[in-house]
Amino acid sequence: MLTRKIKLWDINAHITCRLCGGYLIDATTVTECLHTFCRSCLVKYLEENNTCPTCRIVIHQSHPLQYIGHDRTMQDIVYKLVPGLQEAEARNQREFYRKLGLEVPGDAKGEACSAKQHLDPHRDGETKADDSSNKEHLQGQPRGDPRCTSPVSICLECNSSKLRGLKRKWIRCSAQATVLHLKKFIAKKLNLSSFNELDILCNEEILGKDHTLKFVVVTRWRFKKAPLLLHYRPKMDLL
């Protein structure tokens, strides 16, 4: 059976970010049009725009960050096609946190271990063909590995008279938990009909539902020693 070899150059346009020109890192897709970018690039772009960088379709008039989502499948494909990229990214993350004098999150350590497990030292960076290894790679990091998560301490405060405060406002959860998880948690505790009735804010800025706590800490809380302070309130259109 003949197989056709495809050069990486021929598919670069499909696995690179239109905003930075590099290979996709933490691939994030716009749910409205399915165009994909690096998460950090897209979030930075959407802080001042509400349209897709590729097709210019309006994502959402006021809260475009709530209509993007992590694309694990695309990221796994990129790591699979580009030898050494996953390991290099994990190394860059560790160096970034160390330069800031912060503890390296467990998920960054876990990515380095996962990358090493998928590389065969005798094949110059090519991935192994072992089925179990590939399966674990496609799922991301090994499930149940405590290094894949890093706990974050959070204080959830209510800043609206229309909602009551939580009896236990201090919680601790994984850095990979998202703002959406917090919304569901608060809605359940307050017996709300839907978590979509809530906004969660950090430093008076509304957070997108797909933002991870790791992202919030690094971008909004990086130099503060205190637990992450988040406020919740009814959505603006319900006030």
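Leaving aside its neighbours within four places in sequence, which residues is R220 in contact with?

1. R220 is in contact with E47, C202, N203, E205 and L207, its neighbours within four places in sequence being left aside. Contact means heavy atoms within 4.5 Å.

2. A word on the source. This is a predicted model, in which local features need pLDDT of at least 70, side-chain atom pairs count only at pLDDT 80 or more, and totals for chains, interfaces and linings use all residues. Residues are numbered from 1 along each chain as its sequence is written, and side-chain values use heavy atoms, with hydrogens and water left out.

3. R220 sits in helix α8, residues 213–220. Helices (H or I, at least four residues) and strands (E, at least two) are DSSP runs, numbered from the N terminus. R220 is buried, at a relative accessible area of 13%. Buried means under 20% relative accessible area, exposed over 50%, and partly exposed in between, with a 1.4 Å probe and protein chains only.

4. The side chain of R220 makes a polar contact of 3.3 Å with that of E205. Another polar contact, of 3.3 Å, joins the side chains of R220 and T219. A polar contact is a pair of N or O atoms within 3.5 Å; within protein, one must be able to donate a hydrogen and the other to accept it, and residues adjacent in sequence count only if both atoms are side-chain atoms.

5. Now the sheet of five strands. The order is β5-β4-β8-β6-β7, the sheet is open, and the pairing is mixed. Its edge strands are β5 (170–174) and β7 (205–206), each pairing on one side only. Two strands pair if DSSP finds at least two bridges between them. Strand β4 (residues 151–158) runs antiparallel to β5, and five bridges join them. C155 has W170 in β5 as its bridge partner.

6. Two helices pack on this sheet. Helix α7 (residues 179–189) touches β4, β5, β6 (198–202) and β8 (228–234), and its direction makes about 125° with that of β6. Helix α8 touches β4, β5, β6, β7 and β8, and its direction makes about 110° with that of β8. Axes are lines fitted to C-alpha atoms, for helices over the stretch in contact, and angles run from 0 to 180 degrees between N-to-C directions.

7. Three strands form an open, antiparallel sheet in the order β2-β1-β3. β2 (36–38) and β3 (68–70) each have a single partner strand, so one side of each is left without a neighbour in the sheet.
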